[in-house]
Amino acid sequence: MNATAKNASTLIERTYPASVSELWELWATKDGFESWWGPEGFRVEVHALEPKENGLLHYTMIADSPEMIEAMKRGGQPTSQEVRARFSAFSPHETLTITSVIDFLPGVEAYESHIEVLFTPLAHGAHMAVTLHAMHDAQTSEMQRAGFTSQLGKLDKRYAK
């Protein structure tokens, strides 16, 4: 990982007309996580989700739209990918950090990637601040940002007024 990529991070913020508890459930329960995780055209199947500090998070990301399946095949990529992660920080209804093992990129030595989430209650909803820590290079970090923004689009639609 180069020095610039190592120190970079991206902050993505959203405010929703939902309680912190409701948003928390989307991150810390199997049904919640499966309901929105993954960019548009993808879904996940959760195999294990242990909502506690150092608790296991194991899921498979699956291309599920014909367009994404075809795009993945054209790019020589698998249409599904297992992800092993853990909740490296976990303070219910306040903050969590998901640390994922990135061991599926050809030619890239395995490393850990971190996503930190801070939940703040508001008078009429809740604020969610998500920090994506840099991947091994700028291009992969940008793909992570675009993918995460896409999956947040699922929540944006859910909570649209």
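**Group meeting: a first look at this chain**

Let's start at one residue. Setting aside neighbours within four places in sequence, Ser 100 is in contact with Val 83, Arg 84, Ala 85, Tyr 111, Glu 112 and Ser 113. Contact here means heavy atoms within 4.5 Å. Ser 100 sits in strand β5, residues 95–102. Is Ser 100 buried or exposed? Ser 100 is buried, at a relative accessible area of 10%. The cut-offs: buried is under 20% relative accessible area, exposed is over 50%, and partly exposed is in between, with a 1.4 Å probe and protein chains only.

A word on the source. This is a predicted model, where local features need pLDDT of at least 70, side-chain atom pairs count only at pLDDT 80 or more, and totals for chains, interfaces and linings use all residues. Residues are numbered from 1 along each chain as its sequence is written, and side-chain values use heavy atoms, leaving out hydrogens and water.

Now confidence. pLDDT is the predictor's confidence in each residue, from 0 to 100. The chain has a mean pLDDT of 93. In 95% of its residues, pLDDT reaches 70 or more. Where does pLDDT stay under 50? That happens over residues 1–5. For those residues the model has nine contacts beyond four places in sequence.

Next, a second residue. Thr 140 lies in helix α5, residues 138–158. Thr 140 touches Leu 105 and Met 135, again not counting residues up to four places away in sequence. Thr 140 is buried too. Its relative accessible area is 14%.

On to the whole chain. How many helices and strands are there? Five helices and seven strands. These are DSSP runs numbered from the N terminus: helices are H or I with at least four residues, strands are E with at least two. In sequence order, the pattern reads α-β-α-α-β-β-α-β-β-β-β-α.

Then the overall dimensions. Along its principal axes, the C-alpha trace spans about 45 × 35 × 25 Å. For 161 residues, a compact globule would have a radius of gyration near 15 Å; this chain has 16 Å, which agrees. That radius is taken over C-alpha atoms, and the globule rule is 2.2 Å times the number of residues to the power 0.38.

Last, packing. Of the 161 residues, 43% are buried. Take the contacts with a separation of 6 or more: 52% of them join residues 24 or more positions apart.
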